[in-house]
Structure formats: structure tokens, C-alpha cells
Amino acid sequence: MKIAVIGGGPAGLYFAMLVRKRQPDWPVVVLEQNPPDATFGFGVVMADSGRNNLRLADEASHDALVRKMTFTDRQVITLNEQSIVVERPGKGGAIRRIDLLRVLQDAALREGVELRSGARLENLGQRADHGLADADILVGADGVNSIVRGGDEAGFDTRRSQLTNRFAWFGVGKAFATPALVFRKFQGGSFIAHYYPYTDENSTFVAECDDATWQQFGMERMSLDQRRELFEQVFAAELDGHPLLSNNSLWRQFPVIRNDRWVSGHKVLIGDAQTSAHFSIGSGTRIAMEDAIALAAAVCDAPGTAADKLRAFETQRRPEKDKLIGASERSYRWYEDIGDWMDRYSAHEFVYRFMTRTGRVSDARLASSYPQLYSELCSAGVVAAPA
Ligand SMILES: Cc1cc2nc3c(=O)[nH]c(=O)nc-3n(C[C@H](O)[C@H](O)[C@H](O)COP(=O)(O)OP(=O)(O)OC[C@H]3O[C@@H](n4cnc5c(N)ncnc54)[C@H](O)[C@@H]3O)c2cc1C
């Protein structure tokens, strides 16, 4: 079985490594447009809940990732200058994206994956130029702007839409003491900072505002520097004199990508290429790597032809993935109305709404997993005391 993977991000690298580990005789080629040391963004969160799946799939790369991660056991949520500490049940980790990619590149190379960096697939017709025309399986792991998906939207039955909030991804040259979400009204606008440390000296800072704020401040007409300076002004207290650092930090509206079919012929989509997961649940990397685990298992273990194996992947993975993506959808819908929530609720009510926004955290789970927060919410009269 010859396998071609387009995209050497977390999904593509991890899938390629896992297949070679199980099937060392199968040729697996990964085409990655960037050189091996290039990356966008800064650090990504790798939630505690997903890490065990990585350990079960491949202990060596899991351990190598953990060694590079920075862990925290709490998050601070601030609404209009009132801060509430949320102690987490498990330790949340974050990792520099380039470290994540290096660990996965090394693991893939060790298993004999052929990783071709600096090689971009311009369109599906160009497969032959890369010697991939005879691949039995073509994996689209090429991210949110996937060429594999874009070249066959009818086959995948692709649907897309766009959220209205605007966001950009920055870095900060200091390690914040805890990850935080700061919701701030400033001159009538609704501004959000999501930030978290990912090394002893660096943090990621996602800047976001709703569309009404974007219009009110005339941000469409501002230069990139002016937008950055506005956020530095709004979050001056948190940044404490540190500038926001850009690295391809473009302002975007989040693209919602869904495919009614994940498989078309011998092509299959995983990770962001298949389903974009909103950054507010901090799980895009984890979901992409869990797709890779599920696809590698189906390709190696499911009986039958390549097409049978790809169908088995979709059948087995869809139910769990739908749950995760459902949570992501409820989360981004909540953020789309952020201006209203900020006006309407006290800080404690707001945090309660925030914690329960995806429907995955009931009052009972809030009480058992976040006892300190629950008791504070009880004292504030937001939830009932446990029976
Ligand atoms: C603002 C923001 C914050 C985020 N924060 C987090 C977070 O805290 N935690 C988290 O888990 N996730 C986060 N994410 C999401 C995370 O970045 C993605 O979900 C995750 O990287 C998806 O992995 P992937 O391998 O599917 O795609 P990608 O990481 O996008 O990788 C795709 C790869 O394919 C390559 N490629 C693309 N097109 C081609 C082509 N034509 N030919 C060859 N190569 C190609 C790209 O260069 C890239 O290396 C965030 C995303 C955003 C936008």
C-alpha cells in the first residue's frame, strides 16, 4: 500500500508516523510546503483530556512532547476588571508549535517516513509531478485552506461559512503567570484577550473583537500596526509594557468548514482540512492528532480494499468527532454574542455561562470537577448548593 500525505502539520506527520510504525514496508510520503523550521503562530494548548490518547498511540512521541510542554493548573477569567480563578481538574499544557512539529518530524523520520519539505502541491492534477499519481491513498492533511478538499468539493460535499468576530494570533515575550481570558469593555467596544504561557519566557495571545467593535473603531481601515497598537492599549495592564509580537498575524474571521463526506475515491481528509475546530475550545491540535490515530488504525487494521479502509475510518470516527465539533460550534456561537453577554451578566454569572456554554459541563460536573469555583458561584447566588 503506497500512501501520500499532503501537509506536514500535526495531523499529517502523526498519521504518517503511526502507519509506518505498524507497516514498515509501506511507502509513506509527506509533502510539506514549508521548510522544516518554519511555523506560523506561537504556542498551542494541548488539553489534558486528550493527552492520554497520544500516550496510548505512541508513548515515545508523547513523552517527547510532554518534556517540551509548560503546564498550568488554573485559568483566570476577567470580566470588566473582576477576576475569577478557575482551578482545573487536570493540568493544562501548552507547547511551542515549532517544538510540536519538530518532535513529530523526528518521530516520522525515525519510522522511515519520506518527508519532503518545501514541496507544495498546487492542485490535484500536479500529483504526478511529485511521483504520487500511483498512491493507493491520498490524505488531505493540508489545513484549513486544503488543496485536496478544494480540488474535489463536490466529492466531499463541502459546506463553508464564516463567523463574524475578528481575531489575530500574536505572541508576547513574557510568560504570563496563568492562562487567562480577559473580556474588556473599552470606549464602548467589546474586546477579548485569550492568552497562555507556552515556555518560561513566551506566551500566545489571541486578540478578538466582535463585528460591532470592528466597525465602531474603523478597524477595517486601520493598518496592521494600528490594530496591534489598539489591542496593546486595551490590554496595557496585562501586557505590562510588552509589545504584541507579530508572526504572520493576520486578522481573520473564522472559517467554518464542514464536509458531508470525508472520503472521495481514494482521497480522505483529516484535521483542519476536514473540519475546522474553533480556537476557543483549545483543541484543534488534539482533534487533528486524534483524527490521525483513527485513520492510521483503520488503514492498518480494517479489512478490504483501500476504499473499504477509508469508509471504516469515517464510520468509526464520526460519532466522537461530531461530539467535539458540536462543542466547538456551541462555543463559537456563544462568542458571536459576546457584547451582549458582557453587558448583561455579573462576573460570576458570566463565568458560569462561559463554563457551561458547550453543553459538555453540567452543574453536577461543574460541582465535582471545579469544586472551588462551584462554591464561589454558590456564594454569589449563581448556582444552587449541592444537595
Ligand atoms: C488563532 C488560533 C489559535 C489556535 N490555538 C490553538 C490552541 O491553543 N490549541 C490547539 O490545539 N489548536 C489551536 N488552534 C488550531 C490549530 O492550529 C489547528 O487546529 C491544528 O494545527 C490543525 O492541524 P492540521 O495538521 O490539521 O493542520 P495545520 O496545522 O494547518 O497543518 C497543515 C500543514 O499543511 C501544509 N500545507 C498546506 N497546504 C499545502 C499544500 N498545498 N502542499 C503542501 N503542504 C501544504 C501547511 O504548511 C501545514 O504545515 C488555533 C488556531 C488558531 C487559528
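**Close-up views of a predicted model**

View 1. The model is predicted: local features need pLDDT of at least 70, side-chain atom pairs count only at pLDDT 80 or more, and totals for chains, interfaces and linings use all residues. Numbering starts from 1 along each chain as its sequence is written. In total, 33 residues surround the ligand (C-beta atom, placed from the backbone, within 6 Å). The closest are Gly7, Gly9, Gly143, Gly271 and Gly284. Elements giving two or more residues include H1 (10–22), S2 (28–32), S9 (166–172) and H10 (284–301). Helices (H or I, at least four residues) and strands (E, at least two) are DSSP runs, numbered from the N terminus. By class, the shell has 16 nonpolar, twelve polar and five charged residues. Ala, Val, Leu, Ile, Met, Phe, Trp, Tyr, Cys and Pro count as nonpolar, Asp, Glu, Lys and Arg as charged, and the others, Gly among them, as polar.

**View 2. The open sheet.** Eight strands line up as S3-S5-S4-S10-S11-S12-S9-S13, with mixed pairing (at least two DSSP bridges between two strands). S3 (43–46) and S13 (244–245) are the edges; each has a single partner strand, so one side of each lacks a neighbour in the sheet. S10 (180–186) and S11 (189–197) run antiparallel, joined by seven bridges. Arg184 has Phe191 of S11 as its bridge partner.

**View 3. Domain 1 and domain 3.** Their centres, taken over C-alpha atoms, are 35 Å apart. Domain bounds come from an automatic or database assignment. Five residues of domain 1 contact four of domain 3 (C-beta atoms, placed from the backbone, within 7 Å). On the domain 1 side, three are nonpolar, one is polar and one is charged.

Notes: Two residues are in contact if their C-beta atoms, placed from the backbone, lie within 7 Å.
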